[in-house]
Amino acid sequence: MENASKALLIAGSVLIVILIIGVGMLVYSSMQGTIDEGIRQMSNQEKDMFNQQFMQYEGRKNGSNVKALQSKVNNNNSQIEDDKDPRYVTMTIKDNAAINTARTYDVTVTDSDGDGLVDTITVEPYLKGTSK
């Protein structure tokens, strides 16, 4: 009889844990929808203000400007809890080059998912004589 009561307690504990995990997943999925809805409701002016902080670095820039951009991206991303947040910005430096303040770089800023917010920045070292 004692073993049966222990088995029932263990089974009940397992069911409670499963229930807690299920509630946690439900809360997470509902929060993701709230974040997405908030971004959709951002006014065009708010999106423009967000984008402008990165768009000002687009084009051919010197290394110190690229370092400032990198700092701005890191600061933006540190305020975001999840890299799935539409405000998360991915910065890729081609050829894994370290940013050198004496060099020149071509910076491309894009909205790859079409939600109106900058989400991808690509930095390529500028090579004289190329068509870029």
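This report walks through the sheet, the core and the charged pairs of one predicted model.

## Ground rules

Because the model is predicted, local features need pLDDT of at least 70 and side-chain atom pairs count only at pLDDT 80 or more, while totals for chains, interfaces and linings use all residues. Residues are numbered from 1 along each chain as its sequence is written, and side-chain values use heavy atoms, with hydrogens and water left out.

## The sheet and its helix

Let's start with the strands. Helices (H or I, at least four residues) and strands (E, at least two) are DSSP runs, numbered from the N terminus. Two strands pair if DSSP finds at least two bridges between them. Here, 4 strands make an open sheet with mixed pairing, in the order β1-β3-β4-β2. At the edges sit β1 (59-62) and β2 (90-93), each pairing on one side only.

Strands β3 (residues 104-110) and β4 (residues 120-125) run antiparallel, with 6 bridges between them. Thr110 stands opposite Thr120 in β4. Helix α3 (residues 63-78) packs on the sheet and touches β1, β2, β3 and β4; a contact means heavy atoms within 4.5 Å.

## Inside the core

A nonpolar core is a set of buried Ala, Val, Leu, Ile, Met, Phe, Trp, Tyr and Cys residues joined through side-chain atoms within 4.5 Å. "Buried" is under 20% relative accessible area, "exposed" is over 50%, and "partly exposed" is in between (1.4 Å probe, protein chains only). The largest core has 18 residues, and Phe54, Leu69, Ile121 and Val123 have the most contacts inside it. Elements giving two or more residues to this core are α2, α3, β2, β3 and β4.

Which residues does Leu69 touch, leaving aside its neighbours within four places in sequence? They are Phe54, Tyr57, Met91, Val107 and Ile121. As for Phe54, it counts as buried because its relative accessibility is 0%.

## Salt bridges

A salt bridge is a side-chain nitrogen of Lys or Arg within 4 Å of a carboxyl oxygen of Asp or Glu. By this rule there are 3. Arg60 and Asp106 meet in one of them, at 2.9 Å from N to O. This pair links distant parts of the chain: Arg60 is in strand β1 and Asp106 in strand β3, 46 residues apart. Arg60 is partly exposed at 39%, whereas Asp106 is buried at 10%.

Lys6 and Glu2 also form a salt bridge (3.9 Å, N to O). They are 4 residues apart in helix α1 (residues 2-40), so about one helical turn separates them.

Definitions and conventions
Axes are lines fitted to C-alpha atoms, for helices over the stretch in contact, and angles run from 0 to 180 degrees between N-to-C directions.
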